[in-house]
Amino acid sequence: MTFQKIVVTGSSGFLGRHLLPVLKARYGDAVVGVSRKDYDLMDVHQVRRLFDDHQPDAVVHLAAYVGGIGANREFPAAFFYRNILLTALMFEAAAERRVKKLVYPMGGCSYPANAISPIDENQMWTGYPQKESAPYSLAKKMGLVAMNAYRQQHGLSSVVVIPGNMYGEFDNFRYQESHVVPALIRRYYEAKLSGAPSVTAWGTGCATRDFVYAGDIAALFPFFLEEYDSDEPVNLSSGTTTSIRELTELIRSLTGFRGEIVWDTTKPDGQLEKIFDVSRMKRLGLECPTPLEVGLRKTIDWFVQNYEHRTDGIRL
Ligand SMILES: NC(=O)c1ccc[n+]([C@@H]2O[C@H](COP(=O)([O-])OP(=O)(O)OC[C@H]3O[C@@H](n4cnc5c(N)ncnc54)[C@H](OP(=O)(O)O)[C@@H]3O)[C@@H](O)[C@H]2O)c1
C-alpha cells in the first residue's frame with residue numbers, strides 16, 4: 001500500500017518523537033507531524049481543519065492525554081473525557097474522509113486487572129482494568145470498539161497496536177507523571193548528584209515486567225501502515241521478563257550511583273507479574289530486539305545530557 005500523505009498526531013510526544021524520524025526516513029515529505037499547538041483534536045472543527053489542510057490518506061493517531069498513576073487518581077474525569085473525544089473524533093473523521101489506513105495505539109493498562117501473564121490479546125474483554133487508571137484505559141480501549149464498528153459500517157481499514165512498557169529517549173521524567181523506568185533513572189541520577197548514601201526502593205523488587213525500547217516500537221509502524229489489515233489487535237513488546245530488582249540494579253549501575261539500595265518490604269510490590277504474550281507479533285515476523293541494557297544506556301545518556309543542558313524539551 002502506498003500513501004500520498006501520512007499525518008502523525010501527537011508527534012511531539014514520547015512515542016511521536018521516535019516515530020516521526022522512522023516514517024520520514026521511509027516516506028519523506030509525505031509525512032506530517034502535528035501536535036496540540038497545531039490542532040486541538042478534542043474539537044471537531046479543528047479535526048476537520050486538520051483533514052482540510054493536509055488531506056491525509058493515512059493517519060497514525062498517537063494524540064492522547066497520558067499520565068502516571070498520581071495524575072490518573074487526581075483527574076479521572078479529564079482522562080476519560082479527553083481520551084474518549086480524541087478517539088471518537090478521529091475514527092469518525094478518518095471514515096468520513098475515507099483514509100486508506102488508521103493506526104491507533106492502545107495501552108497495556110486496558111487489559112483486565114486480573115489478566116493472567118503472559119497476557120495475550122484474547123484476554124482483552126475478560127474483566128475490568130485496574131481501577132485507578134480505568135477512565136483513561138477504557139476511553140483508549142474504545143479504539144477497539146471503534147475499529148470494529150467503523151470497519152463494519154464504513155469499511156475503514158484501521159488497526160490497533162498495544163505497546164508494552166515503553167521506555168526511551170523523550171520519555172516523561174516528571175515524578176508525578178512518570179512510569180517506572182524514567183522515575184528510577186531520575187531518582188538514581190539525582191541521588192548520585194546529591195551524594196546520597198542510599199535510596200529506598202518500594203517492596204521486595206520481586207515483581208516482574210517486560211520493558212520495550214520505544215525505538216523498537218516505532219520501527220514496527222510501517223508494517224502496520226502498509227501490510228497489516230485485521231481487526232485483531234497486536235501486543236508489541238520485547239518478550240523478555242525483568243524483575244524490578246534487576247531493573248533497579250541496572251539503572252543504579254548505569255547512572256553511576258554508588259550508594260546502597262534499601263528495599264522497604266513493608267511497601268507493596270504491585271501486581272507480581274505483568275508480562276505480554278508476544279506470540280501474535282512474532283507470528284507476523286516482528287520483533288523488538290533492543291536489549292534492556294542497550295536501551296537504558298541510550299535513555300540515560302539522553303536524560304543526562306538534557307538534564308544538564310535542558311536543550312531538548314526534557315519533561316522534568
Ligand atoms: N507511553 C507509553 O508507555 C504507552 C504505552 C502504550 C500506548 N501508548 C499510547 O501511545 C500514544 C502516545 O503516547 P506517548 O507516551 O507518546 O504520550 P505523550 O508523550 O503524552 O504524547 C501525547 C501527544 O498527544 C498530544 N495531544 C494531547 N492532547 C491533545 C489534543 N487535545 N489535541 C492534539 N494533540 C494532543 C500531545 O501534544 P502536546 O505535546 O502538544 O501536548 C503529545 O504530542 C498514546 O495514544 C498512548 O495512549 C503509550
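Which of the 26 residues around the ligand come nearest? Ser12, Leu15, Arg36, Tyr136 and Lys140 do, where a residue counts as near a molecule if one of its heavy atoms lies within 4 Å of it. The structure is a predicted model, in which local features need pLDDT of at least 70 and side-chain atom pairs count only at pLDDT 80 or more, while totals for chains, interfaces and linings use all residues. Residues are numbered from 1 along each chain as its sequence is written, and side-chain values use heavy atoms, with hydrogens and water left out.

The shell around the ligand consists of 15 nonpolar, seven polar and four charged residues; Ala, Val, Leu, Ile, Met, Phe, Trp, Tyr, Cys and Pro count as nonpolar, Asp, Glu, Lys and Arg as charged, and the others, Gly among them, as polar. At least two residues of this shell are supplied by each of α1 (14-27) and α5 (134-154). Helices (H or I, at least four residues) and strands (E, at least two) are DSSP runs, numbered from the N terminus.

Polar contacts are pairs of N or O atoms within 3.5 Å. A nitrogen atom of the ligand lies 2.9 Å from an N or O atom in the side chain of Asp40. A ligand nitrogen atom is also found 3.4 Å from a polar backbone atom of Tyr39. For Ala64, a polar backbone atom is 3.3 Å from an oxygen atom of the ligand. On its own the ligand has 900 Å² of accessible area, and the protein covers 89% of it; accessible areas come from the Shrake-Rupley method with a 1.4 Å probe.

The chain is assigned two domains, domain 1 (6-166 + 211-236) and domain 2 (169-209 + 240-274 + 292-309), with bounds from an automatic or database domain assignment. Their centres, taken over C-alpha atoms, are separated by 27 Å. Contact (heavy atoms within 4.5 Å) involves 17 residues of domain 1 and 18 residues of domain 2. About 1500 Å² is buried between the two domains, and carbon and sulfur atoms give 55% of this area. Buried area is the accessible area (1.4 Å probe) that two parts lose on being put together, summed over both.

Two backbone features occur in loops. Ser117 and Pro118 are joined by a cis peptide bond with omega of about -5°, and Pro118 is placed in the loop between β4 (101-105) and α5. Gln55, a residue other than glycine, has a positive phi near 45° and belongs to the loop between α2 (44-54) and β3 (58-61).

Methods
Polar contact = N/O pair within 3.5 Å; in protein donor to acceptor, adjacent residues only side chain to side chain.
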